Amino acid sequence: MLKRKALILVLAGAAAMAHGADVSVPYLGLLTNGRLNAVGAFELSTRVSIDMLFEGGTKFDAWFKLGFRNAAVENYLKAAESLTPLTEAPTMDDLAASISNLEEASGLSLRSVAIQIKNLLGTPLQLATFVGHLDTLGSGTDFTQYFGTSDFATKFRGYMYYPEGIGGDASRRYEGLHEIYGTGMRLSWPMEAMMPFLYIYQDSWLGAGHWSADARALLNTDRVKLEAFIGGSFPVSTLGVYRGGLLFFFETGEIGNFYAQIGIPRWDPLEAFSMEMLSFLFEPRIKVGAGELVLSLFFHPKWYLQKETNESGAVELRFDLGFGKVEEGSMRGGAEVELSFDPNLATAVLSLDASPYLQTVRNGVRWDLRLAISAFPFPSPWYGMFQPTLGVSTAF
């Protein structure tokens, strides 16, 4: 039902923006992983992500974003072929089931619909109403959009490094500390070096009737990038649940830079505070001659995006030595070593992987090739130690 309502919104938005609308593809990506399946056979699984963005307006901004998401295109193609036609006299249940199957097989989804008014009441304020996914908090990616900075966010995020998703849920992935998702309003105040936001929305992570509010601020200087946010959700638990986080980036110049994100994705005042509530990633990046050494420590939280992760207390320590730059016509290569500890697993609590990689950008297309090699525990059969990943992404 929600997707059908979303489709109506999309069609209405398309009609309203048919004249003078700008159409772009902010992101188009293919990510292919090679793994052993449950019966010990080596198989490929391809994840497809496509975003289509429609924008328009002069005194106001209006946009909606359509997406295609599928965790395994090979299974999607098989499901699409297996769709059966309706009977000659379908019931309402038949129609509902067919629509649901079609939506599942199509992979299409509404990502967001928003209208933003500039210079609200003659002030510098901007007011946006939105439905769907809006902003990611605590990742650093928004600094490129609002301040024109280079991308300084960690590369250890998303499905490239977490192909199984979070806690086995392939629909969710680690990206920043929180994501605004629902139906509501965003108030912002653009400034040269600072940008505060206020969000009030019905929280779709929690479901209808649950409300959230988040306050957020970005600070941009030549060497320091800072983001902080706090928020809460109701009615959840007796006193509500709360969250907060901090992103910090410091450019030292010749030595390198430092990136950190630390937060509490969910805190219930009725529960005693514990380390498992925290999510933090510390990442010093040190220039070594013509290369760069990146040390990354990630502590997994118990909660993420309003849901338990089943990864409480898991820790990843990565060493990444790379040479070159990821830019048009250039190439970056190197190797990563990852030591992981996950106390939630019945076996293989401790693991060690080594991953040579190669990254390049050619004609606007980014190629990421990575070969993870499991050194410990040693898999059986032996060829299960090799886990290749190929990512191809671009924007228009």
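A cavity is a set of grid points where a 1.4 Å probe fits but cannot get out. In this predicted model, the largest cavity has a volume of about 110 Å³. The chain around it has 396 residues, with 5 helices and 20 strands.

**The chain as a whole**
- Of the 396 residues, 40% count as buried.
- The accessible surface comes to about 20,600 Å², and carbon and sulfur atoms make up 65% of that surface.
- Among contacts in the chain with a separation of 6 or more, 51% are between residues 24 or more positions apart.

**The cavity**
- The structure holds 1 cavity of 30 Å³ or more.
- Its lining consists of 16 residues, and those closest to the centre are Phe156, Tyr174, Glu175, Gly176 and Gln261.
- Two elements each give two or more residues to this lining, namely E11 and strand E12, which covers residues 279-288.
- By type, the lining residues of the largest cavity are 9 nonpolar, 5 polar and 2 charged.

**Asn257**
- Strand E11, which spans residues 256-267, contains Asn257.
- Asn257 has a relative accessible area of 12%, so it counts as buried, the cut-off being under 20%.
- Leaving aside residues up to four places away in sequence, Asn257 touches Phe249, Phe250, Glu251, Thr252, Glu283, Pro284, Arg285 and Glu292.

Note on methods: Residues are numbered from 1 along each chain as its sequence is written. This is a predicted model: local features need pLDDT of at least 70, side-chain atom pairs count only at pLDDT 80 or more; totals for chains, interfaces and linings use all residues. Side-chain values use heavy atoms; hydrogens and water are left out. Helices (H or I, at least four residues) and strands (E, at least two) are DSSP runs, numbered from the N terminus. Buried means under 20% relative accessible area, exposed over 50%, partly exposed in between (1.4 Å probe, protein chains only). Contact means heavy atoms within 4.5 Å. Accessible areas come from the Shrake-Rupley method with a 1.4 Å probe; for residues, only the protein chains shown count as cover. On a 1 Å grid over the protein atoms alone, a cavity is a set of points where a 1.4 Å probe fits but cannot get out, and a pocket is an open set with protein on both sides within 12 Å along at least five of seven lines; lining residues have an atom within 4 Å of a point. Grid points are joined across faces, edges and corners, and a volume is the space filled by probe spheres set on the points. Ala, Val, Leu, Ile, Met, Phe, Trp, Tyr, Cys and Pro count as nonpolar, Asp, Glu, Lys and Arg as charged, and the others, Gly among them, as polar.
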